[in-house]
Amino acid sequence: MIEIQNISKHFDKVVAVNKISLKVNNGEIFGLLGENGAGKTTTLRMLATMLKPTSGRAKLAGFDIIKDAEKVRGSIGILFGGETGLYDRLSCEENIAYFGQLNDMKTPEIKERIKVLSKAFGMDSYLKRRAGKLSKGMKQKVAFARSIIHNPDIMLFDEPTSGLDISSIRGVQEFIKNCKEEGKTIILSSHSMSEVEKLCDRVGIINKGSLVEYGTLEELKQKHSDEDLEEIFIKLVGGKNEH
Amino acid sequence: MNIKHIWIVLKKEAKDIIRDRKTIITSIVVPMLLIPLLNILVGGSISRLNYDMTENVTVALSKESNTEEIRELVENQIFNEFSNITLLDVDDHIEAIEKSTVRVVMDFDKDYKVKLEEGKPFVISLMYDRSQTKSQGSLHIVWDAIESFNKKIVAQRIEALGLNLNLLQPVQVEEYNVADDEKTSGSMLSMFLPLLIVILLSAGGIAPAVDLVAGEKERNTLEPLLTTKIGRSSLLVGKYLTVTLFSLITVIATMTGVLVGFFINPGSLTMGADATITGFTVPPAALLMAIVISITLGMTFAGIQIALSTYAKSFKEAQTYLSFLMMAAMIPGYATMFMQANEIPQYMFVLPVLNALSAFKEILTFNINNTNLVLALCSSLVYVIIALYLAASMFKKERILFRT
């Protein structure tokens with residue numbers, strides 16, 4: 001479970017995130033919608049303990065992001081969009097194992113888990129190859145495996161399909177669905193309406209750092225008397241963000 | 001801080017760097033091979049040049065002086081003890097010098113014979129080409145031969161007057177070097193070895209430091225890493241130790257190259273000075289001290305390099321900062337190059353970089369002052385702590401770590 005209470009982040013005079021509160025239940029996918037610079041990534045970075053909130057608090061899997069930062073990091077898996085962030089000179093197996101080691105897994109445990117993940121993602125044929133030699137789709141699969149090597153309860157996805165081709169996007173979406181089926185608590189940050197509609201149980205819309213609306217898709221549609229999520233989004237956001 | 005995590009990061013970073021051919025070639029292979037290779041090439045050409053200048057001296061007489069009589073005088077009385085000089089017969093002596101057929105041309109006074117018989121001085125003009133190293137070098141050999149001929153004539157004239165030759169030389173000079181071979185060798189080593197070590201320690205960490213932080217930021221590999229259980233301190237120390245390790249490996253690789261170069265060409269360590277390094281042994285305790293000070297200097301550079309690499313927005317920016325750091329480190333190295341160990345003021349043993357340079361000089365010249373060495377070591381440790389603190393404060397600042 002993820003519980004966020006009045007969390008804010010300021011960079012000097014710029015308010016990147018402004019008093020966001022929300023709760024994501026176990027086995028739920030919560031979609032964060034917002035334009036570029038709306039505060040989605042900053043929110044996820046705070047939840048992943050990479051950034052310290054200016055005010056407010058949050059708990060992930062029962063651990064406080066400030067007091068129990070290490071335990072929080074041990075409970076989450078995070079996948080960033082765009083670049084996969086793999087080490088090109090390490091093999092896929094070494095890339096995945098490195099994150100297992102840093103999450104305090106023992107070697108036999110890592111080996112066993114890599115076997116399972118390799119089978120699940122169809123990576124057997126290139127597991128020993130260096131990551132720098134792989135296609136973008138292959139790299140994306142290795143990045144998936146790496147993010148869940150320690151089998152975390154909570155997954156954070158930050159625009160995971162950004163810059164990917166259609167088949168790779170399909171792969172990412174399948175992966176997110178599988179995570180949900182495994183009972184993981186998920187926050188998916190995106191600016192793709194169709195993706196959010198397809199995957200999320202509930203949606204929150206962030207504009208200029210504030211959570212301006214949230215609820216299930218049905219609730220949003222009913223409240224705004226509109227069937228089109230994109231229209232609702234445009235109505236709430238009202239154009240470009242400018243900080 | 002978690003030692004297990006630090007070890008995991010160190011192992012991974014070392015593996016990653018070892019697989020990077022560019023870094024391995026520039027940090028290890030090139031320094032290891034460059035110096036022996038230079039010694040073979042430069043040493044070989046210097047030997048050939050020396051041989052040509054001193055052992056294969058070609059001389060000709062000017063057109064006016066090229067008579068049977070002068071040739072006989074030159075061959076039998078001036079060059080008779082100099083088998084390395086060959087007298088050639090040329091048509092155009094100026095052209096012969098220009099084309100390097102001969103190195104020196106001798107031109108005798110027209111009335112040299114009369115003057116020689118009357119005991120009056122006569123002139124032998126030596127023509128050479130200053131733009132040619134070999135011609136310039138051979139001039140001294142011909143000069144020596146004429147000096148030797150001069151002494152012979154003087155001796156004959158003094159003897160003819162029934163006088164003792166010692167009358168002309170009331171004082172004879174004999175010189176004694178109070179420094180033994182070790183001190184002489186150490187003094188020469190102390191000129192360039194400390195500078196070389198400082199340059200290598202500051203340069204060796206550039207590639208890994210840039211790659212491990214600025215490179216990771218640019219390749220987006222740092223962010224996923226920060227979401228694992230590893231704490232930032234452990235991550236920083238793992239990276240810091242990797243940079244230190246590769247700085248030291250660069251020093252070891254280069255010093256191995258220097259030693260191999262020394263065996264190939266023993267004169268190479270004196271950088272062209274007219275001496276070779278012989279009988280040089282450093283006391284074990286002093287050697288240990290030099291190693292420890294080198295390591296602490298490497299650790300200081302590594303800390304600053306990690307801090308600058310963290311501060312940099314990009315790979316290129318980090319490379320620029322670290323190149324400046326290397327240049328800054330070279331300044332005290334050059335400034336103290338010709339400073340004598342026994343004249344180094346004590347305050348220099350506590351100043352950054354200068355402390356290590358001064359300590360190396362003392363150790364290499366056997367002017368060991370324990371207080372100075374302890375001061376150098378303690379101040380080095382303080383600088384390591386300051387550098388690490390600087391790196392840690394940069395690494396922990398969100399705005400710096402995530403700025404791109």
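The model is predicted: local features need pLDDT of at least 70, side-chain atom pairs count only at pLDDT 80 or more, and totals for chains, interfaces and linings use all residues. Residues are numbered from 1 along each chain as its sequence is written, and chains are lettered from A and ligands numbered from 1 in the order in which they are written.

Chain A contains 9 helices and 10 strands (DSSP runs numbered from the N terminus, H or I of at least four residues for helices and E of at least two for strands). Its radius of gyration is 18 Å, close to the 18 Å given by the globule rule for 243 residues, so chain A is as compact as a globular protein of that length (the radius is taken over C-alpha atoms, and the rule is 2.2 Å times the number of residues to the power 0.38). Along the principal axes, the C-alpha atoms of chain A fill a box of roughly 50 × 40 × 30 Å. Of the 243 residues in chain A, 48% are buried (20 or more other C-beta atoms within 10 Å of the residue's own; 12 or fewer is exposed, in between is partly exposed, and C-beta atoms are placed from the backbone).

The contact between the chains takes 21 residues from chain A and 18 residues from chain B (contact requires C-beta atoms, placed from the backbone, within 7 Å). On the side of chain A that touches chain B, helix H2 (69–75), strand S6 (76–80) and helix H3 (92–102) each supply at least two residues. The largest share, 4 residues, comes from H3(A).

In chain B, the axes of helix H13 (residues 354–364) and helix H14 (residues 370–396) come within 9 Å and cross at roughly 150 degrees (axes are lines fitted to C-alpha atoms, for helices over the stretch in contact, with angles from 0 to 180 degrees between N-to-C directions). H13(B) is therefore roughly antiparallel to H14(B) (over 145 degrees; under 35 is roughly parallel, 65 to 115 roughly perpendicular and the rest oblique). Asn355(B), Ala356(B), Ser358(B), Ala359(B) and Glu362(B) of H13(B) make this contact with Asn372(B), Leu373(B), Ala376(B), Ser379(B) and Ser380(B) of H14(B).

Most residues other than glycine have a negative phi. Lys208(A), in the loop between strands S9 (202–207) and S10 (210–216) of chain A, has a phi near 50 degrees. Lys208(A) counts as partly exposed, because 19 C-beta neighbours lie inside 10 Å. Val353(B) has a positive phi of about 65 degrees and counts as buried, with 24 C-beta neighbours inside 10 Å.

Key: Contact = placed C-beta atoms within 7 Å.
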